[in-house]
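Me: I am new to this structure and would like to be walked through it. Could we look at it together?

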Amino acid sequence: MSMSNAIPAGRHDKIRKGNGSRSDGGFRRSLLAGTIALVLLLPGAGFAAEPVPAETPAKEAVAAVDNLLITTPPPPPNVRIPVLGWGAGNGKSHFIPALEIVGFEALLNVYGRIAYPNLVDPVYSEGHKVYSVTPSTAWRHLTKGPWGFDGDSFQVNQLQHPYQGAVYQGFARSAGLGFWESAAYTFLGSFLWEVAGETTKPSINDQVASGIGGSLLGEPLFRLSSLMLEDGGYNPGFWRELSAAVISPPTGFNRLAFGDRFKGVFPSHSPATFTRVRLGANITGHATGPGAENNVTRNEGSLDYFLAYGLPGKDGYTYDRPFDYFDFQFTAVSSRNVIENIMTRGLLYGKKYEAGDDYRGVWGLYGSFDYISPQVFRVSSTALSLGTTSQWWLTRAIALQGSAVGGIGYGAAGTVHPTEERDYHYGGVGQGLLAARLIFGDKAMLDMTAREYFISGFGSTQVDGSERIFRGNASLIVSVYKRHGLGIQYLYSQRDASTPNIPGTHQTVGTWSIAYNFLGDSRFGAVEWRPAEIEAR
């Protein structure tokens, strides 16, 4: 969707400083990633010696520590009863979401005509007013294209367009359609907008961001909205209905507009979940590189929401449907950025597995959408990855949860400027993630995550440029009373961009946070599948 701030492409960090690499940033990145990899990939290293007999002082000491770490009983398992008959018979429609998507796009076009009546992009709209679409312009786009890259700002292309696709996904899902059917509606809805929504040339990057990224963002929003309704039983009540509509507006619209037909709530099958709401104060200790002088707010407030859905280990829970396991995180800040990140990663196809009595996990194909904006630069990607998510009980009270995934996709990155400028490039993405949560009973949780993105010149607006971006965080949360905790976090972000004949760009941001945390589970989301051991304490 073109906006008034569209300007010609072709710029790519023309102001660059430094040589594109720093030993200190590389050391921090390697240290954090290596630490996480060690605890995830070498789970048996701590037990290389002969097992210690149960009656030894060492075993007694471990048991004593366990008793100190757990003072509350494990929470009862989630048991949710499906409400009405979602997606069956009268509660399902293929026609209604198709009509809704077309109507939604028509309203977007009308809004553009009213808000930007004289907007003309000389490069991308070929001299026509951007929203003055006619049958002839739509036919030309359909038959001749040409498909390329548009000139919209990073936020429009990498945030607004994926959310537009999420709306398409929500219309189809709340009308009773499955994930893959809804993904097809999302892809075709994006294609329709590219061809007939504007006079600008069809955009490859928009088709990926809204047509594919929209499904990967829209599915967790739909699931979260449905979970809110499902917990309310047969009569969710006004506040649950309102909250579900805010999370997934298409779901709220269909429930309101079609009454009992779409009142059925998507059955979650009672996943093991962990939620965390964090309200914090951020202090940016250092920021280097282009944009550090003008764009950085040193002190800011933050609101962070995190959900892990379908954590492995729960007896009877299966992973037969896409996104039966996913992570979702959203962070808003008080600075000009407003939205610092939206990250979601869901299991599209996979299987669960076990290793002994204390280790359970899932592995398979993940789909992810990431948008990260740490004040001085931005990165976004839509990707498919192979990997695993697991939980390992180290003792009766201490659990290690972790994920290790790596894959390829398509994304963009660039510097943040004081005013919105088209100064970023697209390209094929290679990316990886290592994450670990060390849970100490109901007392504390140590959380570490490392993400790496390499945006290449393949399929790029600039075939000779590349970006390497790292984002790592480490946090400690200590429980102070039941589900209330206090925490401290350090977040480090680094970008190295290189283009031949132009000096490389090196940017870093390091931020400390002190926060209040409201936890969805007093055990920090540790999944318990060993009732006999707990009862024997």
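This is a predicted model: local features need pLDDT of at least 70, side-chain atom pairs count only at pLDDT 80 or more; totals for chains, interfaces and linings use all residues.

Me: What is the volume of the largest cavity?
Reply: The largest cavity has a volume of about 680 Å³. Its lining is made by 49 residues, and those closest to the cavity centre are Gln329, Met343, Thr449, Arg451 and Asn473.

Me: Which strand gives the largest share of that lining?
Reply: Strand β8, residues 424–440, gives the largest share, with six residues.

Me: And how do the residues of that lining divide by class?
Reply: The lining of the largest cavity has 23 polar, 14 nonpolar and twelve charged residues.

Me: What about the second largest cavity, what is its volume?
Reply: The volume of the second largest cavity is about 60 Å³. Among the residues that line it are Trp86, Ser174, Phe222, Arg255 and Phe266.

Me: Moving on to pockets, what volume does the largest one have?
Reply: The largest pocket has a volume of about 1300 Å³. It is lined by 49 residues, and Leu227, Thr273, Phe274, Thr275 and Leu307 lie nearest the pocket centre.

Me: How do the residues of the pocket lining divide?
Reply: There are 30 nonpolar, eight polar and eleven charged residues in the lining of the largest pocket.

Me: New topic: at what angle do α5 and α6 cross?
Reply: Helix α5 (residues 154–174) and helix α6 (residues 179–196) cross at roughly 135°, and their axes come within 8 Å. That angle makes α5 oblique to α6. The crossing of α5 past α6 is right-handed.

Me: Which residues meet there?
Reply: On the α5 side, Gln164, Gly165, Tyr168, Gln169, Ala172 and Arg173 take part. Their partners in α6 include Phe179, Tyr185, Thr186 and Trp193. The residues of this contact divide into seven polar, six nonpolar and one charged.

Me: And α7 with α8, how far apart are their axes?
Reply: The axes of α7 (residues 204–211) and α8 are 3 Å apart, and the two helices pack at an angle of about 20°. They are therefore roughly parallel to each other. Val208, Ala209, Ser210 and Gly211 of α7 make the contact with Gly213, Gly214 and Ser215 of α8. Of the residues in this contact, five are polar, two are nonpolar and none is charged.

Me: Now the backbone. Which residues does a cis peptide bond join?
Reply: A cis peptide bond joins Gly145 and Pro146, with omega of about -10°. Most peptide bonds are trans. Pro146 is placed in the loop between α4 (135–143) and α5.

Me: What is the phi of Ser270?
Reply: Ser270 has a positive phi of about 55°, although this residue is not a glycine. Most residues other than glycine have a negative phi.

Me: Where is Ser270 placed?
Reply: Ser270 is in the loop between α10 and β1 (273–288).

Technical notes: Residues are numbered from 1 along each chain as its sequence is written. Side-chain values use heavy atoms; hydrogens and water are left out. On a 1 Å grid over the protein atoms alone, a cavity is a set of points where a 1.4 Å probe fits but cannot get out, and a pocket is an open set with protein on both sides within 12 Å along at least five of seven lines; lining residues have an atom within 4 Å of a point. Grid points are joined across faces, edges and corners, and a volume is the space filled by probe spheres set on the points. Helices (H or I, at least four residues) and strands (E, at least two) are DSSP runs, numbered from the N terminus. Ala, Val, Leu, Ile, Met, Phe, Trp, Tyr, Cys and Pro count as nonpolar, Asp, Glu, Lys and Arg as charged, and the others, Gly among them, as polar. Axes are lines fitted to C-alpha atoms, for helices over the stretch in contact, and angles run from 0 to 180 degrees between N-to-C directions. Angles under 35 degrees count as roughly parallel, over 145 as roughly antiparallel, 65 to 115 as roughly perpendicular and the rest as oblique. A crossing is left-handed if the near helix is turned anticlockwise from the far one by less than a right angle, and right-handed if clockwise. Contact means heavy atoms within 4.5 Å.
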